[in-house]
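My entries follow the display.

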Amino acid sequence: MTTLMSKPVSAPGKSVIERLNIVTAVVLGAVSAFVVWRLALQFLPADTEVRLFTREDKITLLSMVAWFIGFMTGIGALVGPFRWVMGKDLSHDENMFLAGKDMGVNRYFRYTTDHKVVGIQYLVITMVIFGIGGILAMLIRTNLGTPEGGWIHPQAYNSIVGTHGIIMIVGTIIMVTGPFGNFIMPIMIGARDMAFPRLNALSFWLIVAAAIPLIWAQFIGGISTGWSAYNPLAGQAPLGMNGYIMFICIFAISTMVAGANITTTIVRMRANGMTWNRTPIFIYGTMASVALALPAFPVFFLSQVMSAMDRALDTSFYNTAGGGSGWLYENLFWIMGHPEVYVILIPAVAALMEMAPVFTRRPLFSFNVAVMGIAGISGLSVLVWAHHMYISGWAPLLNAPFMLTTELISIPTGMLFLVLVGTLWRGRLWMTMPTMSIFALLWNFMIGGITGIYLSDVPADAFLHGSMYVTAHFHYTLMGAGLTGALAALVYWFPKMTGRMFDKKLSWISFWLVQIGFNVAFIGMFTVGLAGQPRRVESYASTFNTGNLITTIGAYTIMVGMLVLLHGVISSWRSGDKAPMNPWQAKTLEWTVPNPIPLENFDVLPTVTSDAYGYGKAKS
Amino acid sequence: MSVETHAHHEDPDVVGSRNRLGVILILVADVAFALSMVFVYFYLRGQNVNDMWLPAATEERGAIEPLSSGPAWTVTAIAAFGLLAHLYALKGGREKNQTQLKLGSLVAMVASVVALVMQFNTIANAPFTFSDGAYVSCFYLFTIMNFVHLALTVFISLGNWNRARLGLYVSNLWMVDIVRIWWIWMVVSSLLGAFSLSYP
């Protein structure tokens, strides 16, 4: 329970809003999909030319679109827009009902608009995503435990690799801005809610709606292309590819909606006196992340729309025989794909920068450098996409400029390192799991960053491209840095989100298991990558056996660590020590509200008179 | 805890300003989408892979000839007329002239419907099939996406007219102003499509 129970609200009796929940959503979605599937089977004409799957692609895509529309209708996403058109705006009581007032646990299964509910919903779905993605990772590593593989059928293996990739990318994109950007950010800036509460609920339920096509895909051929779904490979892939396309399209809409909502909230709803110089660094990180995603994901969306048209309508965007180009897809994909790395990284690093002053009891070292670092990374990240395409043969003359822009990113990234190290320097460390996570991030991100410089270098990339070295590199950045920051954020903000302290012992055990396992797994992967093992293979030469075995052992260690963490989340949430209002003695606004947090956060909106990092100062 | 919940706390201008920024940010995403489409068009046109931008005649079918961009410009012109009608309505609202507000909103809504129907006709009567080369693929992409935009415009302008009719804009006009932003983007995006299709 995160909100305060107070006097009951007269909920609208038997209104449409009251009737809709996840059950009606699933039922309406399933019925819509089934009806459209039957109608399409009945009435869609057979293909006139020999073309694999085209009619089946149409049927699959139409059914998935019907699922999507049915689900969103059933959850209540269309009530607001149609009421607006009819000129019957939602009443105060209806809005209170939508906010989940006095609804207990039920509010988590409805189109609830309270940002704290949405934050918890994001937290749970992120854990589910990581759970599924983690299981797929363990299947991959188990199969690679021996050179001959064979434990999983090669086609199933391809699909597992592709699904693991895309599901983990989505999980890491939402892991900080979803739970903490929604739950913590509005309170941290002194607001009563997000700027657009209904859009906030929409962004979450879109992700739930997107999950079904991805699951569906597993039963109709899987995702055999890897997470990047390059064309024309994707155009020739089994029907499961349609699930990937729908998943990405819906997720992209969710990201756009969330981006506009979070950015507006930060720009327009900061407390009185919270100038940009007094705005916490986590807010900058969150805003940079969603603002980057805002123009990047529509490009990905378009790439998938065209992929769907190529498959279902036989257009020629990526089909060279019809005048299309595979390079076109690669460009569109990576125009999204590289900013997306920073969409993941920036908020995680910013969360750790937020914690560093708290656990060192020192001001954040050079706030302005931190802001410049975030801005620099964001700006440069949209100018580096073609470094993923050096070896593809597209525009060789552009290799040098893209190498330059990519290597330039080291400078603003170095600024963030400087801020973290400067804050830790001579600080009186309060050794908690989040504190250790700062050190872990510095170590992992250093390895991820330095190995990335080699990949940005054209001659070195000619050797390393497509090898396990690349896989190890991006795991060091996204998991070693990104996930480390997210797990620290979980432990740090857990008391405010649940009203309970996270079990200290379990947080430490989990931290060490995950970090040791992680470094064992991916340093092992670097060694086989440098030795020449290609990525995405199901079996390999026996010369790579030792490195792969080490990686698999490391992966199992991570799994144990994550299970300990999961146990910690559940047991602490259920029966952990009750958290005081401000257990870390931090200075940001979220720690000034009581547990459980009142529905509208603040009785009186706060006025900010100084920055949040005045530790060690006489009057702060 | 939506806008209405906070209405007793907040000035309508503050709420309007927040909503305006939100719509502009969502349009940033839509602009990125539209510019990507223009990029796709000129990339494929420039590459002309296998000379299949506009395929030459074969034994089975004749050469693919590009369509005149006239219909695309006509749809854009109707959308521009809709925008002007909406601006007329907004002006009326600002001058407390409810009749002008309602009339302008109604005309804008009708214009959006006419543009939608014309766009549908362009798609339905195109003299080629989806598989007739890269130009045709781009033609369908632009026209279908413009159709989707216009369908959204019909929805928005219908709501706008209905709310004007019900007198919901008497006290403040920020929603009408936000619909104006959408109309401007509608015209610009349609113009981008018409411009691209003028260079087959």
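**Notebook: confidence and the A–B interface**

For chain A the mean pLDDT is 94, with 96% of its residues at 70 or more.

I note that this is a predicted model, in which local features need pLDDT of at least 70 and side-chain atom pairs count only at pLDDT 80 or more, while totals for chains, interfaces and linings use all residues. Residues are numbered from 1 along each chain as its sequence is written, chains are lettered from A and ligands numbered from 1 in the order in which they are written, and side-chain values use heavy atoms, with hydrogens and water left out.

I next took the interface. Chain A gives 55 residues to the contact and chain B gives 47 residues. The two chains bury about 4,300 Å² between them (accessible area, 1.4 Å probe, lost on being put together, summed over both), 71% of it on carbon and sulfur atoms. In chain A, the most area is lost to chain B by A:W84, A:V85 and A:L302, together 15% of what that side buries.

I then searched for salt bridges (a side-chain nitrogen of Lys or Arg within 4 Å of a carboxyl oxygen of Asp or Glu) and found one between the chains. B:R163 pairs with A:D89, their closest N and O atoms being 2.8 Å apart.

Methods:
Contact means heavy atoms within 4.5 Å. pLDDT is the predictor's confidence in each residue, from 0 to 100.
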